[in-house]
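Trainee: I would like to learn how to read cavities and sheets in a model. Could we go through an example together?

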Amino acid sequence: MPALTRRTLLKASAATAASFALGAGLAARPGTAAPLTLKAQFATAEIAESGAETRVMTWGLGDDPAPSGAPPVLRMRQGQPFAARLLNTLDEPTTVHWHGLRIPNAMDGVPEMTQPYVYPGDGFDYAFTPPDAGTFWYHPHCNTLTQMGHGMTGVIVVENPADPVFDAEIVLNLRDWRLGADGAFIAPFKPRDAARGGTYGTVRTANWQRTPQFEAPAGSLVRLRIAATDVTRIYTLGIDAPAAVLALDSNALAMPVALDTLDLGPGQRADIVVRMPDGEGQSVTLRNLRGSQPWTIATLVARGSSLRRDLADAKALASNPISQPDIAGAERIPLDFTATAEHKAVESICGSLGYTFWAINKVPWPGDTPDPVAPLAELKLGRSYVFQIANRTPHAHPIHLHGLTFHVISSNKRSVLPPPTDTILLQPDEQAELALVADNPGDWMLHCHIIEHQKTGMSSYLRIA
């Protein structure tokens, strides 16, 4: 592999369930031998409150335009081959990163680290077998603030036939848009906000709709698959109905845990089971409780005669085959996430924002500059490691690791530790230990998934060989 530079780095039956399986687009055929055509494309969508149309970037399948511009939900099967050919019809380079999937490094979608840029009119073939079931998502890793901010975030569902069957399934893709009243995009970030918690959107959506409404069988158990695909917003989810958390970041809890509130940062996912009301037309409201003005994300409306399910009947999901690290024999590696002195960054082909505000281990990597860099750490294949991470800032950072899954084994801010994960929402002043087995060879990015933070310094990579 050629030497890496900063440029190369950051460059209620089965029938009933099927009839109520709701999502944000078409479903890909699971385990298909012939690849899907996943098209990066422009489209128009009515998102702004004024009703004005917005020219967005999105994904489509084959020759079919994405409905209302919204990206399709890609459905795969755990342990079965999946293939997709990316066709780039945009006017700039792009790639596909399969967020959360532990797949071969060559399929990870990071330009010039794992693959070439896919230029306009070109294509790239992705083929892999997902080892884990759960809720994942896909997005570019090129000019990410613009491309993701303009719509290129879609949800992936990897199915496990051994999972319990629910009466309905609803997929929710949560994201903001920075739009003016005329529907046109406004500046994607403000430097002052990028140096803090990030720049929020002006229009909030689920599945590209403002406060959408979905129907589900009355008295049923509904599986919500929720992905936070926004470039900035951290959610605190609450729901006014009996509900329990089944999985976080695609990994099952040992048993469903009653939902009070749940924090979900950019890049994170949650699977929740909700018990619908018994009465025809009665509703359930999913809300974001974070901030001084809570707001409705989506509403679920009960339809038909009650199925009279009991939330206590919801079974745990099957666990994924995540390696258990040898904690006692693990090598410990400190990782500090800090602010850094502001200075101008070098422009690049794939999206420097022109500033650096953040750093990992005192090194700001805003991405895509010609200076040579080394990995944060070089790990030996098959060995166990513990990352001793510390957030030295007053802001939360959703820290995402490509290609691997880690176990949160301690934290000074958490009384309950999550299941294995690929993204930790690191709270201000939090110190935690993340244990993993280095079982996937290659160069894997580690970065904050608040994209302004990623692109202004809080990004790096690990090498496993």
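Mentor: Gladly! On a 1 Å grid over the protein atoms alone, a cavity is a set of points where a 1.4 Å probe fits but cannot get out, and its lining residues have an atom within 4 Å of a point. This is a predicted model, where local features need pLDDT of at least 70, side-chain atom pairs count only at pLDDT 80 or more, and totals for chains, interfaces and linings use all residues. Residues are numbered from 1 along each chain as its sequence is written, and side-chain values use heavy atoms, without hydrogens and water.

Trainee: Which residues line the largest cavity?

Mentor: Its lining consists of Arg 102, Ile 322, Ser 323, Leu 404, Thr 405, His 407, Leu 436, Val 437 and Asp 439. Of these lining residues, 4 are nonpolar, 3 polar and 2 charged. Here Ala, Val, Leu, Ile, Met, Phe, Trp, Tyr, Cys and Pro count as nonpolar, Asp, Glu, Lys and Arg as charged, and the others, Gly among them, as polar.

Trainee: And what lines the second largest cavity?

Mentor: Among its lining residues are Asp 163, Arg 223 and Asn 320. That lining also divides into 4 nonpolar, 3 polar and 2 charged residues.

Trainee: What is the strand order in the open sheet?

Mentor: Strands of a sheet pair through backbone hydrogen bonds, either parallel or antiparallel. Strands are DSSP runs (E, at least two residues), numbered from the N terminus, and two of them pair if DSSP finds at least two bridges between them. The 5 strands follow the order β23-β30-β29-β25-β27, with mixed pairing. β23 (377-379) and β27 (423-426) each have a single partner strand, so one side of each lacks a neighbour in the sheet.

Trainee: How many bridges join β25 to β29?

Mentor: There are 3, and the two strands run antiparallel. Leu 401 stands opposite Leu 446 in β29.

Technical notes
Helices (H or I, at least four residues) and strands (E, at least two) are DSSP runs, numbered from the N terminus. On a 1 Å grid over the protein atoms alone, a cavity is a set of points where a 1.4 Å probe fits but cannot get out, and a pocket is an open set with protein on both sides within 12 Å along at least five of seven lines; lining residues have an atom within 4 Å of a point.
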